[in-house]
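Subject: Structure handover

Hello,

Here is the structure for you to take over. My notes on it follow below.

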Amino acid sequence: MKIDVLTLFPGMFAGPLDESMVKRARDAGILELRIRYLRDYAHDRHKTVDDRPFGGGPGMLLKPEPVFEAVEDLAAADTHVVLLTPAGRKFDQKIARELAGRERLLLICGSYEGFDERIREHLADDELSIGDYVLTNGALPAMVIIDAVTRLLPGVLGDDESALDESFSGGLIEYPQYTRPAEFRGWKVPEILLSGHHAEIAKWRLEQAWQRTQQRRPDLISETGAASPSVVRAKKDDL
Ligand code: 4FV
């Protein structure tokens, strides 16, 4: 996968994307990531990329010309152009899987008070928000999306790491997990997990994930219509 990022703060990307899985994916050529400086597409003496909003109002907006020139320089026919903005659809694991299925992404980071509307209307294929809060610029949202998408690319997660059995994969949040020691400060690991009964363990885990999701994220159940353990079991029995 190729990902281009258009930003006013290329220095912010040094570090988070040079470690761990994203670094491995880049070194293995699974991910080609290029950070582009928006000012390189502004040609006046001050390399101006922002201006005041028509009709007045606080702050500055990103001008259309440098962004259009950048996208027309960087984007190919199969490039999915994504605007990072609080006004976008809320990024989640389903969207991460969707993006991981694409060949090329161009992530346009917001700055100042936002974008000239013509950028949204005529350039963006998609608008994504990482959450209902206002950040100083779109660099962190870009890094969050790159991280979530990269780990879903074939060959990135080792076979001992699975994207299938984790939070949000079945629409539920993750069941409780334990590792050695089996007893820590008197706190024991649930017997079922030491039993070796894999079918019983799977049933217990599904029940735990369901209960946790009901308690902490009931919205996920209504949203995804995730099946209750009894329904899942019934389905399994029908197989
Ligand atoms: C944001 C978000 C976000 C808004 C003003 C950058 C800032 C400035 N982007 N998810 N939340 N962007 O807060 O994606 O332009």
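**The ligand and its surroundings**

Around the ligand there are 16 residues, and the closest of them are Y112, I130, G131, Y133 and L135. Please keep in mind that this is a predicted model.

Y112 has a backbone N or O atom 3.0 Å from an oxygen atom of the ligand. For I130, a backbone N or O atom lies 3.0 Å from a nitrogen atom of the ligand, and for G131 the distance from such a backbone atom to a ligand nitrogen is 3.1 Å. On its own the ligand has 370 Å² of accessible area, of which the protein covers 95%.

By class, the shell around the ligand consists of nine nonpolar and seven polar residues, with no charged ones. Strands β5 (79-90) and β7 (126-129) each supply at least two residues of this shell; β5 gives the largest share, three residues.

**An aromatic pair**

Searching the whole structure turns up one aromatic pair. Its members are F184 and W187, with ring centres 5.7 Å apart and planes at 55°, so the pair counts as tilted. F184 is partly exposed, because its relative accessibility is 41%, whereas W187, at 55%, is exposed.

**Helix α7**

Helix α7 covers residues 198-216. At 1.5 Å a residue, its 19 residues should span 27 Å, and the end C-alpha atoms are 26 Å apart, which agrees. Buried residues in α7 are I201, W204, Q208, A209, W210 and T213.

Regards

How values were computed: Residues numbered from 1 in each chain as written. Predicted model: local features only at pLDDT ≥ 70, side-chain atom pairs only at ≥ 80, totals over all residues. Heavy atoms only, no water. Helix = DSSP H or I, 4+ residues; strand = E, 2+ residues; numbered from the N terminus. Expected span 1.5 Å × (residues − 1). Buried < 20%, exposed > 50% of the residue type's maximum accessible area, 1.4 Å probe, protein only. Phe/Tyr/Trp six-rings, centres within 6.5 Å; stacked < 30°, edge-to-face > 60°. Near = heavy atom within 4 Å. Polar contact = N/O pair within 3.5 Å; in protein donor to acceptor, adjacent residues only side chain to side chain. Areas by Shrake-Rupley, 256 points an atom, 1.4 Å probe, with all protein chains shown as cover. Nonpolar A, V, L, I, M, F, W, Y, C, P; charged D, E, K, R; others polar.
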